[in-house]
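Hi,

Here is the model I said I'd pass along.

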Amino acid sequence: MEQFLASLAFIILYGGTYGAVLFIISVGLVMTMGLMRVPNLAHGAFAALGGYLTILLMNQAGANYFVAVPVAVILVAALGALAERTIYVRLYNIPELDQILLTVGIAFIFVGGLALTFGPNVFTIRLPEVLSGSVDLFGRSFPVYRVFLLAVGALIILGFWLVFDRTTLGAKLRAAVDNRSMAQATGINVERIVMLAFAAGTGLAALGGAIGAGLFPLEPLYPIKYLTIILIIVALSGFGNIKSSIVVAMVVGIADTAARYYLPELGGFAIYALVIAAVAMRPAGMFARQG
Amino acid sequence: MTDNLLEAIGLQKSFGALKVAQDVTLRLRVGERHALIGPNGAGKSTLVALLSGVLALGGGRILLGGRDIGRSSPSQRTREGLVRTFQVSNLFGGLTVLENVYLAVSERAGASFRLWRPAYRNTDLIDRAHEILEQLGLGEVARTRVDQLAYGQQRLLEIAIALALRPKVLLLDEPTAGIPSTEAGILLDALDRLPPEIAILLIEHDMQVVRRFASTVTVLVEGKILMTGSPIEVMSSEEVRSVYLGKAGQTRFASEVAHA
Amino acid sequence: QDQIKVGILSHDTGPFAQNGQGFHRGIEVYQALHGKSAGGREIEFVYRDIGGPNPAVGKRLAEELIVREKVQILGGFALSSEALAVGPIVEQTKTPAITFIASSPSVLAGSQYFLKSGQHIAQSSSAGATFARKQGAEKCYIVVSDYQPGYDAQKAFRKTFESEGGQIVGEVRVPLNTVDFAAIVEGIASTETDCINVFVPPGAPAIGLLRALAERGLVESNFVVGMGEAEDHILPQYDDSVVGFKGALYYAEALDNEENKTFIAKLKELYGPDTQPDFASASAYDGAHLIYEMVKSQEGKDWSGPDAVEAVKGLSWNGVRGPMKIDPETRELVQNIYLREVQKVDGKLQNAIVDQLEAVEAPSKEWMEN
Amino acid sequence: MLEAERLTGGWGPTIVVENVDLNVGDAECLAIVGRNGVGKTTLLELVAGRTSAKSGRLRLDGQDLVPLSIYQRARAGLGYVPQNREVFPTLTVREHLSIASRPGRWTREKVLELLPRLGQRLDNLGSQLSGGEQQMLAIARALLGNPRLILMDEPSEGLAPVVVEHLISVLREIISDGSLSMILVEQRIDLALELSDRFIIMDRGQITYQANSADFDLEAGRLPELMGLTH
Amino acid sequence: MKITVSSTGLSALDRPRLPMIALVVFALALAVFFVFPDRLSLAAYIGIFALFALSLDLALGMAGIVTLGHAAFFGVGAYTAGWLALAGWQEPITGVVISGLCAAALAGALGPFILRLTGLPLVMVTLAVGVFLFEAANKLTWLTGGDDGLYGMTFSPVLGIFEWSIYGTTDYLYVLAWLALAFYGCHRLTTSNFGLALRGVRENRLRMSLLGSSVLAQLTLAYALSAFIAGVAGALLAQTSEFVGLEVLSVEKSIDVVVILVLGGVGHLYGALLGAPVYLLIKDMSKEWNPHAWMIIIGFMLVFVMLVARGGIHGVLHKVIARSRGKLPNGEPR
Ligand SMILES: Nc1ncnc2c1ncn2[C@@H]1O[C@H](COP(=O)(O)OP(=O)(O)OP(=O)(O)O)[C@@H](O)[C@H]1O
Ligand SMILES: Nc1ncnc2c1ncn2[C@@H]1O[C@H](COP(=O)(O)OP(=O)(O)OP(=O)(O)O)[C@@H](O)[C@H]1O
Ligand SMILES: CC(C)C[C@H](N)C(=O)O
Ligand SMILES: [Mg+2]
Ligand SMILES: [Mg+2]
């Protein structure tokens with residue numbers, strides 16, 4: 001029994017942190033895909049870039065972790081804004097398959113570029129002292145790093161709540177996607193808010209890539225390798241529902257951890273079987289209202 | 001045995017707390033020209049959706065020629081002769097006008113699973129499609145892509161497709177919307193030329209059209225049938241005037257009665 | 001003016017690009033040290049990138065190398081499946097082919113013209129078990145990636161560990177796409193073990209698993225033995241928690257022999273002082289040696305692939321990995337297996353050699369199958 | 001208020017509207033009628049900026065509209081009720097009203113008073129409205145932006161007669177009290193004449209007739225001929 | 001979900017023009033046989049991918065089934081051909097047909113479930129089904145050989161006459177013959193009533209079902225026909241390489257084939273014929289030049305096609321030809 005409780009605590013804590021990283025990396029895509037309906041398959045590339053830039057800043061410029069990460073995030077967000085203005089802006093009204101391929105193309109360019117600049121090696125980010133110890137939680141030792149991930153995840157959730165529940169930004173974005181020119185005719189400066197939203201989405205990806213490097217090591221194939229899991233989160237949360245993406249990321253994190261603990265050999269299957277079942281039964285997402 | 005072609009008995013439907021069909025019963029006889037009017041949001045389009053199977057019934061039965069089709073899929077209902085048009089045009093935008101109608105003709109002829117024979121050799125089907133287009137004055141635009149058509153022509157094409165399906169019962173949801181009152185005649189003429197045994201249910205907010213078209217009018221208000229009767233009966237009802245027609249509607253209608 | 005062309009099936013892109021880079025470097029270092037000709041013939045290497053797990057492409061490239069580039073020898077082969085796919089061509093065209101690191105037990109059965117400059121996977125795996133027993137490990141838990149090489153490694157370790165009196169207390173095959181290993185490690189921690197055997201592909205999975213083991217304190221408390229998960233050049237990606245991790249493999253950067261020192265010196269000269277060797281570049285280097293020996297054996301004669309293979313069967317020489325020999329019967333290599341341990345020296349992580357088994361032979365087919 | 005001179009434009013390479021001159025005065029309602037496909041909608045879209053003019057001048061209260069983007073024109077005081085309603089399918093009625101609203105005499109309360117049906121459907125998505133409700137929402141959305149000039153493309157379409165009647169009386173009131181001008185495209189000629197001060201007839205992208213609404217005798221039956229319906 | 005189809009300006013109800021591009025492509029393909037006798041392995045490989053892309057065009061271009069899991073059928077075809085040969089059934093042509101049928105059967109079984117979906121949910125489910133099959137094949141080593149793959153199979157000469165060799169002579173002509181056959185079949189199919197009905201489904205599924213058509217049955221049939229051809233392509237890969245590896249089921253394969261088709265142009269069958277050689281030749285050449293460049297090149301090609309050359313190679317060719325003839329297809333801006 002005690003054994004069981006201990007494993008339960010483990011699954012919830014570790015699964016929860018895994019879910020938190022999944023959430024941070026995915027939520028940007030949930031947002032761009034849901035609000036802007038652009039299935040940006042290059043999302044993982046922005047995450048990877050965030051990680052690689054952090055490494056560059058730490059190794060080349062000798063920056064502190066807590067400086068390097070925000071700087072990297074800002075740089076990627078700026079790049080995201082630029083990409084939105086130049087490339088993604090031409091994507092809003094083209095068929096979904098074309099959007100998928102175009103963004104896959106962008107991801108490919110990143111993969112090749114990363115391989116050329118950083119070589120084929122795997123990189124991880126060295127954690128600062130403060131994050132590398134462990135603390136005692138629920139009667140067992142628990143890495144500080146994981147607590148940190150949980151905290152960042154919670155902060156982001158708070159941020160979303162403030163922005164979306166307190167302003168009309170979300171509705172304006174959706175209006176812009178539903179019907180760009182009509183949204184403009186309603187007086188919305190579509191170009192600006194879409195650019196900002198996109199920058200925020202890519203910035204979050206970069207944040208996930210940087211602080212999540214302890215779980216998702218950086219490598220040139222990163223943009224494609226972790227795409228599946230990111231897409232699973234997005235799909236299960238109904239392509240664009242931020243609130244449900246929080247729950248979905250946590251559920252996936254915990255379920256995945258539990259499956260690996262109890263049925264380690266099926267871990268690879270379980271998640272895909274879940275996706276097939278969930279999407280086939282409820283294409284609008286696991287937690288969508290049925291209407 | 002009655003000559004009721006379509007019978008909707010006690011239909012129920014609600015969206016959450018909103019009841020859009022409350023015990024709606026409606027009968028269409030062979031060859032009947034029936035208009036359905038009522039305030040916005042009364043549930044007229046919903047009723048068409050229930051009849052055509054686009055929405056699932058919340059309760060009640062639908063009989064077509066005596067057979068219960070309440071659980072049939074939309075495509076089965078179409079095959080059995082229950083055909084509808086849409087309030088907002090719902091066409092194959094990337095295809096030409098002719099192709100749109102041809103699709104309907106070919107489905108109707110059961111020829112849509114012909115895998116090997118090139119479509120252009122089905123001259124009988126193509127001719128039939130052309131014939132329908134001519135009937136509605138769309139012959140000139142047969143080769144135009146539908147998304148490049150002016151709105152009014154799209155409305156006519158909706159009718160053309162419906163006709164191509166050789167309906168027994170035709171459900172028309174505001175077919176004249178967007179067509180100038182001066183031109184609605186073309187459409188009504190086309191309807192007049194239809195085989196007389198087809199039963200038509202027409203949703204319409206333009207009372208001139210209703211009056212010219214219908215022999216029976218049903219008024220739907222908040223999901224319930226308020227009354228059914230001849231156009232004159234309905235339009236002179238106080239209740240109908242207050243919830244739907246309004247003062248102007250009344251006077252305008254009065255002047256038309258005078259004309260007639 | 002006589003020329004021998006050697007086609008190298010490599011990976012320059014995709015998940016195995018690391019190995020491909022090793023292939024290029026090993027060969028180029030060998031050429032830099034030993035010249036571009038042997039036995040009166042110039043030797044030219046032609047590279048082809050398979051670019052990912054794609055044996056059918058490997059087979060096609062092999063055909064093209066032979067038909068169009070007219071290569072007389074094939075080399076490379078990072079994945080066993082590539083060797084298995086190319087087998088029929090090698091057999092049909094009687095082209096000698098050296099597999100550098102493909103180490104599935106079935107590779108050599110594909111054709112009589114296949115030779116190896118890597119290993120039979122059981123050589124390292126079994127040796128890992130023997131080392132563990134020697135250190136007094138009684139109970140062991142095996143973690144392998146869920147793919148064919150993992151199964152082979154798992155089997156060899158288990159057999160040897162058990163036959164030498166140890167007990168396997170748990171085994172798990174981890175899906176290749178696993179990212180967070182914490183749960184797997186938690187499962188291991190809940191069993192009583194004093195030894196953990198791992199086999200996962202180098203790169204993200206290896207880093208993830210070892211980190212998780214260390215985070216849970218298992219690297220400290222257990223005899224953790226793997227294979228190539230912590231090559232020296234990857235060590236910067238780990239933190240100090242990896243100290244104590246062991247790998248059983250046929251090569252180690254720290255090997256103190258002439259050949260290896262020259263190899264490493266030249267490698268650093270060519271690719272910069274920070275460059276480090278690994279089993280892929282070492283195998284390519286020793287493979288290049290084998291190729292040169294084959295060419296030499298045909299000096300003054302018309303080139304014959306089969307004769308060249310025949311001539312090097314039984315050959316023994318000192319490679320960068322130390323003494324090695326081609327078993328004339330099985331064509332497998334007889335070689336030393338080293339036990340390497342990650343240590344921290346002068347603030348830097350490196351693999352030190354802590355033990356070795358000499359002249360390890362590959363097990364028989366029957367041994368592997370039962 | 002609005003002056004258009006030799007306005008020419010269309011869709012892509014196709015020119016639909018050619019050399020059209022328009023003048024709408026303060027507190028004036030100008031109606032446009034014409035057969036299907038003659039370019040009425042296109043003319044409104046040119047004014048709203050949703051398709052760009054090939055040539056010609058366009059001013060709103062002396063301000064040049066041509067270089068302005070759609071949303072800038074909207075903020076400069078243009079409101080638009082498009083022909084296909086174009087409500088946002090994924091926004092609720094409430095959200096429509098909140099994103100459209102700019103300060104002025106039209107507030108949410110006033111709009112809902114004009115169109116009470118919408119008030120009962122505040123939490124419906126745009127895609128879950130009936131045809132008439134969508135039309136009401138499109139009108140409400142445009143009014144809430146508190147425009148100086150409102151462009152209405154067949155606003156009566158799909159509305160119940162009683163609603164149309166109410167709408168007309170309210171619109172006539174605001175126009176006459178000087179706070180709003182309007183261009184009205186309308187298929188129902190009687191309504192168009194009832195609401196407008198002047199009207200023009202369009203045919204093949206050009207203005208073929210114009211007159212004061214009050215002076216025009218609908219009963220005389222000249223309209224089909226003027227609209228080019230008889231040959 | 002909408003997809004971009006490069007327009008030919010030809011109505012389905014006109015007598016189809018002689019497929020000029022196809023004739024040119026096949027003539028060129030035959031010329032390859034004589035001009036590049038030492039590159040026939042590559043040529044056969046290209047042919048196989050053209051066939052695979054053709055199958056995708058049937059599903060994607062004609063029926064609008066956006067899938068990132070088409071390798072499932074390719075893989076099933078390849079494994080079936082491999083198993084047949086290992087079990088002693090070495091006759092290649094019947095082997096190919098049986099393999100195609102197996103793939104079609106799988107599609108027929110899956111279709112009624114997954115083809116109810118559209119848009120991103122459909123994409124996700126096809127992707128997941130693909131990954132699921134891949135993982136299953138990895139696990140079932142006794143059946144598939146796992147990572148080592150299926151090997152050691154041989155096939156009897158084609159028609160009992162043409163021997164296989166490493167020069168790829170037989171391989172190439174054999175593949176080409178299948179490709180021509182499949183192309184002709186697809187051409188008939190797309191110009192038939194069924195083909196037009198599929199376009200209707202692609203444009204507006206709800207409307208189609210309100211015309212009385214059994215949309216799901218139509219889609220499933222199209223899916224199965226497409227899977228048949230994909231299975232044939234897979235079987236040809238197995239037969240020409242005498243090997244079947246796990247990668248035939250991989251997501252990368254599924255993505256590759258989509259990219260090939262899109263580069264070539266979706267929806268007119270020629271896309272597959274044009275895309276496969278261009279994609280694979282550029283891949284081959286750029287890898288010889290700088291292996292990492294490949295990812296970047298293909299990335300830029302995709303971006304270019306999507307932003308500038310919509311409709312892919314077919315679309316561009318078509319425009320160029322139309323311009324030179326001084327007329328433009330219906331509705332395209334000058
Ligand atoms: N999916 C839905 N969810 C919730 N409410 C809905 C949904 N679909 C329709 N409604 C509501 O049901 C009511 C009936 O709509 P319906 O379209 O049948 O009206 P109608 O009589 O056709 O009106 P109109 O004349 O304006 O077209 C409307 O109030 C509408 O808002
Ligand atoms: N979005 C568009 N893209 C391309 N062509 C268009 C578009 N909208 C309209 N057209 C074309 O422009 C021409 C004029 O159409 P427009 O919609 O302006 O006419 P209209 O007078 O408003 O007709 P209706 O009374 O039917 O609404 C038509 O030939 C139409 O096909
Ligand atoms: C140890 C590894 C180099 C084995 C290799 N992956 C193979 O397929 O055989
Ligand atoms: Mg309605
Ligand atoms: Mg219009």
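Between chain D and chain B, six residue pairs make polar contact across the interface, both partners being at pLDDT 80 or more. By polar contact I mean N or O atoms within 3.5 Å; within protein, one has to be able to donate a hydrogen and the other to accept it, and residues adjacent in sequence count only if both atoms are side-chain atoms. Salt bridges between chain D and chain B come to zero (a side-chain nitrogen of Lys or Arg within 4 Å of a carboxyl oxygen of Asp or Glu). On the chain D side, helix H6 (131–144), helix H7 (161–176) and helix H8 (189–195) each put at least two residues against chain B. Helices here are DSSP runs of H or I with at least four residues, strands are runs of E with at least two, and both are numbered from the N terminus.

A caveat before going on: this is a predicted model, so local features need pLDDT of at least 70 and side-chain atom pairs pLDDT 80 or more, while totals for chains, interfaces and linings use all residues. Residues are numbered from 1 along each chain as written, chains are lettered from A and ligands numbered from 1 in written order, and side-chain values use heavy atoms, without hydrogens or water.

Back to that interface: 32 residues of chain D and 28 residues of chain B take part in the contact (heavy atoms within 4.5 Å). About 2,300 Å² is buried between the two chains, 50% of it from carbon and sulfur atoms; that is accessible area (1.4 Å probe) lost on putting the two parts together, summed over both. D:Asn36, D:Pro161 and D:Glu165 supply 23% of what chain D buries against chain B, more than any other three residues.

Within chain B, have a look at B:His34, in strand E3 (residues 33–37). B:His34 counts as buried because its relative accessibility is 2% (buried is under 20%, exposed over 50%, partly exposed in between; 1.4 Å probe, protein chains only). The B:His34 side chain has a polar contact of 2.6 Å with that of B:Glu32, and another of 2.6 Å with that of B:Thr218.

Over in chain A, A:Ala280 sits in helix H13 (residues 267–281) and is partly exposed, at 37% relative accessibility. Leaving aside neighbours within four places in sequence, A:Ala280 touches A:Val275, E:Leu117 and E:Val125. Its C-alpha atom is 39 Å from that of A:Glu2, 278 residues away along the chain.

Cheers
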